[in-house]
Protein chains: 2
Amino acid sequence: MPTLYHHPMSTTSRFVRLILSEYGFQADLVEEQTWEKRREFLTLNPAGTLPVYVDDNMRTLCGCTVISEFLDETHGVLKRDRRLLAEDPFQRAEIRRLVDWFLQKMEQDVTRPLARERVFKLQIPNGLGGGAPDSKVLRTARGNIRQHMKYLSWLAGSRTWLAGDRLSYGDLAAGAAISVLDYLGEIDWAESPIAKDWYQRLKSRPSFRPLLAERVRGLTPVSHYADLDF
Amino acid sequence: MPTLYHHPMSTTSRFVRLILSEYGFQADLVEEQTWEKRREFLTLNPAGTLPVYVDDNMRTLCGCTVISEFLDETHGVLKRDRRLLAEDPFQRAEIRRLVDWFLQKMEQDVTRPLARERVFKLQIPNGLGGGAPDSKVLRTARGNIRQHMKYLSWLAGSRTWLAGDRLSYGDLAAGAAISVLDYLGEIDWAESPIAKDWYQRLKSRPSFRPLLAERVRGLTPVSHYADLDF
């Protein structure tokens with residue numbers, strides 16, 4: 001069976017897990033603490049980042065873009081109307097733009113700083129960058145959430161799914177980021193009813209179940225995290 | 001004619017310019033100061049990042065991954081042995097891994113901090129984040145260069161081009177990053193003869209000429225910057 005090196009609070013790992021699940025792949029999950037810089041892991045991915053996918057022939061794919069494009073080329077392309085990337089190059093460009101938006105821009109503005117300050121710094125030893133959360137970083141990241149939720153609401157309000165009529169990598173990327181923030185109780189859903197409707201539809205999919213059932217050691221999710229009707 | 005919004009010190013812009021040039025595209029170049037947050041530019045790309053490509057039909061592509069994948073799908077695929085992404089999915093994965101390496105990891109560890117401290121902060125008004133370079137940031141980034149040059153040397157020493165036998169997006173991504181650092185005189189070539197040999201071959205290509213001829217206002221490049229025999 002293939003192996004996916006991941007972390008429950010890594011959005012890019014969640015993105016790939018959702019793709020694998022939507023396409024019906026089974027994979028062994030190995031939780032990696034990247035800050036430990038394990039030699040075996042760095043041999044697989046010298047960049048030391050998640051996720052990393054090792055297939056049945058021990059061939060290694062590093063990073064969510066590499067893995068998602070590979071899965072599209074080798075499997076998605078055969079899925080017709082269940083393909084998670086479109087056929088048309090401009091539609092594909094729009095889907096990829098959204099993946100970048102949620103897994104790079106929102107990651108940088110909001111998700112990575114909040115996850116680092118609230119989750120990773122508690123697990124990382126002091127000498128390696130662990131410690132108490134930095135309240136200034138938290139404040140800045142929280143200030144950025146509102147703008148991102150507005151954009152998400154605009155997308156969700158003007159299209160059936162975020163990139164158009166069909167579920168796509170764009171929805172899975174957004175869902176990966178939103179689900180991490182929601183675990184941490186950082187999203188005020190009362191402020192974003194349109195985004196909430198979209199997220200409700202997305203989190204009701206079977207591919208979301210394993211994410212909603214997962215718990216991070218020492219960190220209880222917000223009470224509605226796993227509720228499909230929140 | 002299509003338009004490319006870019007900045008001379010943006011590695012992702014340089015990457016796309018190299019691709020366009022290798023494939024024989026002409027495009028109008030518009031230099032964008034992203035920190036000005038021009039309304040017209042944000043309408044094209046709400047993320048406010050470079051590069052942005054607007055085609056003859058005013059369709060917009062945002063970000064280097066989106067643009068490079070689009071160019072491969074619509075043009076590269078017809079280029080046979082001059083294609084800059086491979087045919088084989090695993091080979092494509094390796095090329096994309098290298099693009100990520102040079103335009104995300106190296107960008108984060110080295111190129112972005114050095115370009116920000118040494119170029120952008122001089123151009124950005126004080127209230128918007130401009131000012132004197134932060135010597136601690138410079139020191140950290142410079143400390144990271146050596147490891148990246150080692151990895152580049154390893155790739156260049158074990159393969160004809162960085163991803164294998166053929167010139168690929170991997171070389172153009174690395175060349176985009178290295179050329180910005182070389183402009184700034186941040187690379188000690190005497191320490192990396194194998195990487196130097198690779199870069200010498202790359203910068204001799206006609207696609208590199210416009211980059212080597214370009215100058216940033218108020219910032220003279222290192223004396224050997226445009227020399228093909230440096």
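**Exercise 1.** Work out how helix α1 (residues 11–22) of chain A is oriented relative to helix α3 (residues 64–74) of chain A.

*Solution.* Start with the axes, which are lines fitted to C-alpha atoms over the stretch in contact, with angles from 0 to 180 degrees between N-to-C directions. They come within 10 Å and cross at roughly 10 degrees. Angles under 35 degrees count as roughly parallel, so α1(A) and α3(A) are roughly parallel to each other. Next, look for contacts (heavy atoms within 4.5 Å): α1(A) supplies A:Thr12, A:Phe15, A:Val16, A:Ile19 and A:Leu20, while α3(A) brings A:Cys64, A:Ile67, A:Ser68 and A:Leu71.

This is a predicted model, where local features need pLDDT of at least 70, side-chain atom pairs count only at pLDDT 80 or more, and totals for chains, interfaces and linings use all residues. Side-chain values use heavy atoms, without hydrogens and water, residues are numbered from 1 along each chain as its sequence is written, and chains are lettered from A and ligands numbered from 1 in the order in which they are written.

**Exercise 2.** Find what caps the N-terminal end of α5(B), and what its buried residues pack against.

*Solution.* The cap is B:Asp134, with a side-chain oxygen 2.9 Å from the backbone nitrogen of B:Lys136. Now list the buried residues (under 20% relative accessible area, 1.4 Å probe, protein chains only); among them are B:Leu138, B:Ile145, B:Met149 and B:Leu152. The buried residues of α5(B) pack against α4 (89–123), α6 (169–183) and α7 (193–203) of chain B.

Notes. Buried means under 20% relative accessible area, exposed over 50%, partly exposed in between (1.4 Å probe, protein chains only). Helices (H or I, at least four residues) and strands (E, at least two) are DSSP runs, numbered from the N terminus. A polar contact is a pair of N or O atoms within 3.5 Å; within protein, one must be able to donate a hydrogen and the other to accept it, and residues adjacent in sequence count only if both atoms are side-chain atoms. Angles under 35 degrees count as roughly parallel, over 145 as roughly antiparallel, 65 to 115 as roughly perpendicular and the rest as oblique.
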